[in-house]
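Keep the sequence and the 3D view side by side.

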Amino acid sequence: MPDLCQALGRSRGRHIELRPYPLPTPGPLGLWFETPAADLIIFQRETTPLHQDHIVLHEVGHMLADHRGPAVAADQWKALLPGLRAGAIQRALQRCTYDTEEEWEAELVATIVGEWASVLDHVTPTVRNDDLSARRVQAALGDRQGWL
Ligand SMILES: [Zn+2]
């Protein structure tokens, strides 16, 4: 997942930071904060790595679709953003329901990318990397095999 976000950040010209955090439940599983310098994705730390990947892909789906979503009160998440003024946040989205078209679209992106990466795990020749996550991203985004 870090490789995917690094590549996406390069193409967007903005660094993407992934930050696991023990988000309170019930509540959002993931949040995306857009600042002038970078995008910050905060995701639930207290779940499986596979679920964490899906949460991050969901937020990436919002980025790719340029969703605006309903405003999220950044003050509510101050503890997650040390050193960042709430006023510096240009956009904030959180994932907790699927009842809007934007949430549905982001979820679809997460599902398609995740499933495609999973399928490629089984059909892609061996990639020189011991990290399963890195192999999946490389397979999904590699030449003539990916969804892009
Ligand atoms: Zn969402």
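Q: Is D66 buried or exposed?
A: This is a predicted model, in which local features need pLDDT of at least 70, side-chain atom pairs count only at pLDDT 80 or more, and totals for chains, interfaces and linings use all residues. Residues are numbered from 1 along each chain as its sequence is written. A residue is buried if 20 or more other C-beta atoms lie within 10 Å of its own, exposed if 12 or fewer, and partly exposed in between, with C-beta atoms placed from the backbone. D66 has 8 C-beta neighbours inside 10 Å, so D66 counts as exposed.

Q: Where does D66 lie?
A: Helices (H or I, at least four residues) and strands (E, at least two) are DSSP runs, numbered from the N terminus. D66 follows helix 2. Its place is the loop between helix 2 and strand 4 (91-95).

Q: What is the phi of D66 near?
A: Most residues other than glycine have a negative phi, and most peptide bonds are trans. D66 is a residue other than glycine, yet its phi is positive, near 55°.

Q: Which residues does a cis peptide bond join?
A: P26 sits in the loop between strand 1 and strand 2. With omega about 0°, the cis bond joins T25 and P26.

Q: In what order do the elements of the protein run?
A: The secondary structure comes to 4 helices and 4 strands. From the N terminus on, the order is α-β-β-β-α-β-α-α.

Q: Why does strand 3 count as largely enclosed?
A: Strand 3 covers residues 38-44. It is largely enclosed by the rest of the structure because the buried residues number 6 of its 7.

Q: In which sense do strand 2 and strand 3 pair?
A: Two strands pair if DSSP finds at least two bridges between them. Strand 2 (residues 30-34) joins strand 3 by a hairpin through 3 residues, and L31 stands opposite I42 in strand 3. Over 5 bridges, the sense is antiparallel.

Q: How many bridges join strand 1 to strand 3?
A: Strand 1 (residues 15-21) and strand 3 run parallel. H15 stands opposite A38 in strand 3. The number of bridges is 7.

Q: How many residues of strand 2 are buried?
A: Strand 2 has 5 residues and is mostly covered. The buried ones number 4.

Q: How far apart are the end C-alpha atoms of helix 2?
A: The expected span of a helix is 1.5 Å times one less than its number of residues. Helix 2 has 17 residues, so it should span 24 Å. The end C-alpha atoms agree with this, at 24 Å.

Q: Is G61 buried or exposed?
A: G61 lies in helix 2 (residues 49-65). G61 has 24 C-beta neighbours inside 10 Å, so it counts as buried.

Q: Which residues does G61 touch, not counting those up to four places away in sequence?
A: Two residues are in contact if their C-beta atoms, placed from the backbone, lie within 7 Å. By that rule, G61 touches E105, A106, V109 and A110.

Q: How far apart in space are I112 and L57, C-alpha to C-alpha?
A: I112 is found in helix 3 (residues 101-123). It is partly exposed, because 14 other C-beta atoms lie within 10 Å. I112 and L57 are 55 residues apart in sequence, and their separation in space is 9.5 Å.
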